[in-house]
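My notes are below as numbered points, so please read them with the model open beside you.

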Amino acid sequence: MEKIAEYNGNKINYIIYKKKIKNMYIHVNEDKVYVSVPINTNDKIIDKFVNSKLKWIFNNLEKYKLIKKNNIENKNSIRIFSNWYKIQIEYTNSDINFKVDMKNMIVLIYLPILYKSENKEGLDNILNIVKQEIYKFMLSDVVKELIFKYEKLTGLHVNKCSLKFMKSAWGRCTSNRNISINTELAKYSKRAIESVVLHEMCHIKYMNHSKAYWQYLKSFMPDYDIVKEELNKKYI
Ligand SMILES: [Zn+2]
């Protein structure tokens, strides 16, 4: 069900999902607002809940607009944790390196001077390799922390976790409790990354997608289905 709220003269559309959950949740994904509520919640309570969160919703929607604008303005950008960072290339005498400036949303890429004579295609190839390294670097701590969090919550143990580019899966889990996480995930929100780490870790307990598996997973992330929707969008 779609509804409209107003905040400081701005219309905010939101979609209500009634689900088998205990609490109400709001999730802002780019320009969409999703409100998940327990099945029997009456409209007045939903309205009140949404109204109490309007400032937060509005700020998130504005942030997305700004990010979108930045993206159009700077074709040369890289997406990290659902934000676009501008890429600046500097030619130096040292090896290939990079620095992520989170505050100014800039990624500095240092290239040896000899690359200055590369044609566009050659430079794009080099940048794609560096981007993979940046994704790995950014994901590494986030994934480590998430594994730690869910090892404590579930009592399960991950044997080994590796980050690698995968074409057809966000993650994998083997019967030896080894987990792989797709480096492409660095482009998405930390919550979306969390949903993948949790998904793979739950396979340590259930090596299938049975009812019991989903029940177990959703006991840790009730809004899993909504969080996962973000991963349907593709980014370069
Ligand atoms: Zn799975």
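**Notes on the helices, sheets and domains**

1. Let me start with a helix pair: the axes of H3 and H4 come within 10 Å and cross at roughly 50°. That angle makes H3 oblique to H4, and the crossing is right-handed. For the terms, axes are lines fitted to C-alpha atoms, for helices over the stretch in contact, with angles running from 0 to 180 degrees between N-to-C directions. Angles under 35 degrees count as roughly parallel, over 145 as roughly antiparallel, 65 to 115 as roughly perpendicular, and the rest as oblique. A crossing is right-handed if the near helix is turned clockwise from the far one by less than a right angle, and left-handed if anticlockwise.

2. A word on what we are looking at. This is a predicted model, in which local features need pLDDT of at least 70 and side-chain atom pairs count only at pLDDT 80 or more, while totals for chains, interfaces and linings use all residues. Residues are numbered from 1 along each chain as its sequence is written. Helices (H or I, at least four residues) and strands (E, at least two) are DSSP runs, numbered from the N terminus.

3. Which residues bring H3 and H4 together? From H3 come Val142, Val143, Leu146, Ile147, Tyr150 and Thr154, and they meet Lys190, Ile193, Glu194, Val197, Leu198 and Met201 in H4. Contact here means that the C-beta atoms of two residues, placed from the backbone, lie within 7 Å. By class, this contact has nine nonpolar, one polar and two charged residues. The classes put Ala, Val, Leu, Ile, Met, Phe, Trp, Tyr, Cys and Pro as nonpolar, Asp, Glu, Lys and Arg as charged, and the others, Gly among them, as polar.

4. H4 has a further partner in helix H5 (residues 211-220): their axes come within 10 Å and cross at roughly 130°. This makes H4 oblique to H5, and the crossing is right-handed. Leu198, His199, Cys202 and Lys205 of H4 make the contact with Tyr213, Tyr216, Leu217 and Phe220 of H5. Its residues divide into six nonpolar, one polar and one charged.

5. Three strands form an open sheet in the order S9-S11-S10, with mixed pairing; strands pair if DSSP finds at least two bridges between them. Strand S9 (160-164) and strand S10 (171-173) stand at the edges, each with a single partner strand, so one side of each is left without a neighbour in the sheet. The twist averages 15° from one strand to the next. S10 and strand S11 (residues 178-182) run antiparallel and are joined by three bridges, with Gly171 opposite Ile181 in S11. Helix H3 (residues 120-154) packs on this sheet, touching S9 and S11, and its direction makes about 150° with that of S9. Helix H4 (residues 190-205) also packs on the sheet, touching S10 and S11, at about 15° to the direction of S10.

6. Another open sheet has four strands in the order S5-S6-S8-S7, again with mixed pairing. Its edge strands are S5 (77-80) and S7 (97-101), each pairing on one side only. Here the twist averages 30° from one strand to the next. S5 pairs with strand S6 (residues 83-92) in the antiparallel sense over four bridges, and Ile80 stands opposite Asn83 in S6.

7. S3 and S4 run antiparallel, joined by five bridges; Val28 has Val33 of S4 as its bridge partner, and Asn29 stands opposite Lys32 in S4. S3 and S4 form a hairpin with two residues between them, and Glu30 in the turn has a positive phi of about 55°.

8. Finally, the domains. The assignment, which is automatic or from a database, gives domain 1 (2-69) and domain 2 (74-232). Their C-alpha centres lie 27 Å apart. The contact takes seven residues from domain 1 and eight from domain 2. On the side of domain 1 that touches domain 2, strands S3 (25-29) and S4 (32-38) are the elements giving two or more residues, and S3 gives the most, with three. The residues on that side divide into four nonpolar, three polar and no charged.
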